[in-house]
Amino acid sequence: MKRCYHCGASLPLKFPACQHCGAIQHSEQEHGRLECELHNGIPAKALCLVCARPVCGDCAVMECGKFFCDDREHRQLYKEMVPLMWCESEFEVDLILRNLHSYQFPLWWFSPSQHVENFWHRVRMPIAVWIAKDRLKEAEHVLLDLGLLEESNDSKYHSGDLSL
Ligand SMILES: [Zn+2]
Ligand SMILES: [Zn+2]
Ligand SMILES: [Zn+2]
């Protein structure tokens, strides 16, 4: 199994960047050379763990060994929220949001394809639906009741620190 060159997490799925730390895996040539979203011609070093924006060495902000873009709100969000679910597509995100709409959970999500580089290179990354930590259990129960979450979902590709 492949491992992230930066954080050592195992990388069971074929994505251009490690979803535990954001580091771009340069062996993934199939994605072409991703450039920094803000600096033309400069190779991207990572995808922001929250919004998946490609950032170069100058733009990347590292906290606790994880890469973020320079938007402070994203680092804040990463501290206060957790992924409720990982989705394969925006279609799936939409499905989740529609089903949870009436519960008014504090949910957040970012589309990787909002960034031109990702769109251009057809970068696919799992999309997190973020939720405030204190509402996680409650929302998980709702999803379980709706049949939208499997009991084992958390081990599939839950973010960060759990599966290292
Ligand atoms: Zn990593
Ligand atoms: Zn970001
Ligand atoms: Zn840059």
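Guide: The answer begins with the model as a whole, then turns to the core and its surroundings.

This is a predicted model: local features need pLDDT of at least 70, side-chain atom pairs count only at pLDDT 80 or more, and totals for chains, interfaces and linings use all residues. Residues are numbered from 1 along each chain as its sequence is written, while chains are lettered from A and ligands numbered from 1 in the order in which they are written.

The mean pLDDT (the predictor's confidence in each residue, from 0 to 100) of the protein is 87. A pLDDT of 70 or more is reached by 86% of the residues. The protein has 5 helices and 7 strands. These are DSSP runs, numbered from the N terminus: helices are H or I with at least four residues, strands are E with at least two. From the N terminus on, the order is β-β-β-β-α-β-α-β-α-β-α-α.

Of the 164 residues, 34% count as buried. Buried means 20 or more other C-beta atoms within 10 Å of the residue's own; exposed means 12 or fewer; partly exposed lies in between; C-beta atoms are placed from the backbone. Among contacts between residues at least 6 apart in sequence, 47% join residues at least 24 apart. Two residues are in contact if their C-beta atoms, placed from the backbone, lie within 7 Å.

Now the core. The largest nonpolar core has 40 residues. Such a core is a set of buried Ala, Val, Leu, Ile, Met, Phe, Trp, Tyr and Cys residues joined through C-beta atoms within 7 Å. Ala46, Cys48, Val55, Phe67 and Val129 have the most contacts inside this core. Strand S1 (46-47), strand S4 (66-68), S5, helix H2 (90-100) and S7 each give two or more residues to it. S7 gives the most, with 5 residues.

Take Phe67. Phe67 sits in strand S4. With 25 C-beta neighbours inside 10 Å, Phe67 counts as buried. Beyond four places in sequence, Phe67 touches Cys21, Gly22, Ala23, Ala46, Cys48, Leu49, Val55, Ala60 and Met62. His20 is 47 residues from Phe67 in sequence, yet 9.3 Å away in space, C-alpha to C-alpha.

Next, S7 and its sheet. Three strands form an open sheet in the order S5-S7-S6, with antiparallel pairing. Two strands pair if DSSP finds at least two bridges between them. Strands S5 (81-87) and S6 (107-108) are the edges, each pairing on one side only. S6 and S7 (residues 127-132) are joined by 2 bridges. In one of the pairs, Leu107 has Ile131 of S7 as its bridge partner. Helix H4 (residues 136-146) lies across S5 and S7, at about 20° to S5. Here axes are lines fitted to C-alpha atoms, for helices over the stretch in contact, and angles run from 0 to 180 degrees between N-to-C directions.

Val93, Ile96 and Leu100 are buried. Seen down the axis of H2, the buried residues fall within an arc of 65°, so they line one face of the helix. The arc is that of the directions from the helix axis to the C-beta atoms. These buried residues pack against S5, S6, S7 and H4. The face turned away carries the exposed residues Phe91, Asp94 and Arg98.

Gln104, between H2 and S6, has a positive phi of about 55° although it is not a glycine. With 8 C-beta neighbours inside 10 Å, Gln104 counts as exposed. Arg122, between helix H3 (116-120) and S7, has a positive phi near 50° and is likewise not a glycine. With 11 C-beta neighbours inside 10 Å, Arg122 counts as exposed.

Another loop holds a buried residue. Ala52 lies between S1 and strand S2 (54-55), and counts as buried with 29 C-beta neighbours inside 10 Å. Ala52 touches Leu47, Phe110, Pro112, His115, Asn118 and Met125, not counting residues up to four places away.

Finally, confidence. Among the elements, S4 has the highest mean pLDDT (98) and helix H5 (residues 153-157) the lowest (47). Over residues 155-164, pLDDT stays under 50. Where pLDDT is low, the predicted coordinates should not be read in detail.
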